[in-house]
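Trainee: I am new to this one. Please show me how to read its features, step by step.

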Amino acid sequence: MECLQRFTHRLLPTTTTVAQNCFKNTFQFRNYPLIPLSNQTAGKPIFSLDLITTRSYRSPSSSSVARAGWLLGLGEKKKKQSLPDIVKAGDPVLHEPARDVSPEEIGSERIQKIVDDMVKVMRSAPGVGLAAPQIGIPLKIIVLEDTKEYISYATKEETKAQDRRPFDLLVFFNPKLKNKSNKTALFFEGCLSVDGFRAMVERYLEVEAAGLDRDGEPIKVDASGWQARILQHECDHLDGTLYVDKMTPRTFRTVENLDLPLAAGCPKLGVR
């Protein structure tokens, strides 16, 4: 997920000092009304992917490597829109568990605007997934989609190895993941919140994702291959986990060095 997050919806204190606010249960998000943080629970790791593969993609119209993220090579950066910035690693909102969104909240104008903004930020980046904490909002919301255009920037060999196929926009509230088999695969991942870098991460090949859609209705998706990886990456964000917290040792590298050989002793890319 390459330019996943142009959003800096930062967590703003509602009283006089940060220290005092640490003990309050209500925070205000920039450009959003107050959202109470009652019933906060620690989520299970899930994933917010910025597309990454074993190669650095290049734009057909440019020789420069596209910015880091889930997706590389979509050409020159699009004209900036008035969208939230993507929060970068180190911000506490990326390293702490998000809270559930109640079914009663989902239909509100406030929450629907957050979803709309997330989709716009994801597509503007561009990326294939985004979690609410990546725009500074500690709520369990993820959006994801992969398109034929995005996939076209990878080689057929890569997309086949990754089992990558296009899928329409998905919006999940309070997603829960369950692996459907013990089979895993190792591929390079990146994140818009950790711009310019990649590392190998082991993920389950098949997962079941269950939660609520943007209408508050139950939704369940059986995912495999790259879609399953995106879900795991994005859901990890909801638990305060970045891909670097799960990366295979000695595989961390810059986007420019993505094609360089792995260090001796590192596992091979692909299905385990």
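Trainee: Which residues make up helix 6, and how far does helix 6 reach from its first C-alpha to its last?
Mentor: Keep in mind that this is a predicted model. An α-helix has 3.6 residues a turn, so residues three or four places apart point the same way. Helix 6 covers residues 225-238, which is 14 residues. From first C-alpha to last, helix 6 reaches 21 Å, close to the 20 Å expected at 1.5 Å a residue.

Trainee: Which glycine follows helix 6?
Mentor: Glycine 240 follows helix 6. Its phi is positive, near 80 degrees.

Trainee: Now the sheet. What is the order of the strands in the open sheet of 5 strands?
Mentor: Strands of a sheet pair through backbone hydrogen bonds, either parallel or antiparallel. In this sheet the order is 4-5-6-9-10, and the pairing is antiparallel. Strand 4 (129-131) and strand 10 (218-224) are the edges, each pairing on one side only. On average, neighbouring strands of this sheet are turned by 40 degrees against each other, direction ignored.

Trainee: Which helix packs on the sheet?
Mentor: Helix 3, residues 109-124, packs on the sheet. Helix 3 touches strand 4, strand 5 (141-146) and strand 6. The direction of helix 3 makes about 35 degrees with that of strand 5.

Trainee: How many bridges join strand 6 to strand 9?
Mentor: Strand 6 (residues 167-179) and strand 9 (residues 206-212) are joined by 5 bridges and run antiparallel. Look at lysine 178: opposite this residue, in strand 9, stands glutamate 208. The side chains of lysine 178 and glutamate 208 also meet in a salt bridge, 3.7 Å from N to O. That pair links strand 6 and strand 9 at positions 30 residues apart. Glutamate 208 is buried, at 17% relative accessible area.

Trainee: Which strands does strand 8 pair with?
Mentor: Take strand 7 (residues 184-189) to begin. Strand 7 and strand 8 (residues 197-204) run antiparallel, joined by 6 bridges. Within this pairing, phenylalanine 188 has methionine 200 of strand 8 as its bridge partner. Strand 8 is also joined to strand 11 (residues 253-254) by 2 bridges, again antiparallel. There, arginine 198 stands opposite arginine 253 in strand 11.

Trainee: How many salt bridges are there?
Mentor: Side chains of opposite charge can pair when their charged atoms come close. The count comes to 16 salt bridges. One of them joins lysine 88 and aspartate 195, with the closest N and O atoms 3.4 Å apart. Lysine 88 sits in the loop between strand 3 (34-36) and helix 2 (103-106), while aspartate 195 sits in the loop between strand 7 and strand 8. The two are 107 residues apart. Lysine 88 is partly exposed at 32% relative accessible area. Aspartate 195 is partly exposed too, at 25%.

Trainee: What is the partner of aspartate 100?
Mentor: Aspartate 100 forms a salt bridge with lysine 140, with 3.3 Å between the closest N and O atoms. Aspartate 100 lies in the loop between strand 3 and helix 2, and lysine 140 in the loop between strand 4 and strand 5, so the pair ties together parts 40 residues apart in sequence. Aspartate 100 is partly exposed at 27% relative accessible area, whereas lysine 140 is buried at 5%.

Trainee: Where do the aromatic rings pair, and how many aromatic pairs are there?
Mentor: A pair of aromatic rings is described by the distance of the centres and the angle of the planes. The count comes to 2 aromatic pairs. Phenylalanine 187 and tryptophan 226 form an edge-to-face pair, 5.8 Å centre to centre, with 75 degrees between the planes. Phenylalanine 187 is in strand 7 and tryptophan 226 in helix 6, 39 residues apart. Phenylalanine 187 is buried at 6% relative accessibility. Tryptophan 226 is buried at 1%.

Trainee: What about phenylalanine 197 and phenylalanine 252?
Mentor: Their ring centres are 5.0 Å apart and their planes at 15 degrees, so the pair is stacked. Phenylalanine 197 is partly exposed at 30% relative accessible area. Phenylalanine 252 is partly exposed at 39%.

Note on methods:
Residues are numbered from 1 along each chain as its sequence is written. This is a predicted model: local features need pLDDT of at least 70, side-chain atom pairs count only at pLDDT 80 or more; totals for chains, interfaces and linings use all residues. Side-chain values use heavy atoms; hydrogens and water are left out. Helices (H or I, at least four residues) and strands (E, at least two) are DSSP runs, numbered from the N terminus. The expected span of a helix is 1.5 Å times one less than its number of residues. Two strands pair if DSSP finds at least two bridges between them. Axes are lines fitted to C-alpha atoms, for helices over the stretch in contact, and angles run from 0 to 180 degrees between N-to-C directions. Contact means heavy atoms within 4.5 Å. A salt bridge is a side-chain nitrogen of Lys or Arg within 4 Å of a carboxyl oxygen of Asp or Glu. Buried means under 20% relative accessible area, exposed over 50%, partly exposed in between (1.4 Å probe, protein chains only). Rings of Phe, Tyr and Trp (its six-membered ring) pair if their centres lie within 6.5 Å; planes under 30 degrees apart count as stacked, over 60 as edge-to-face and the rest as tilted.
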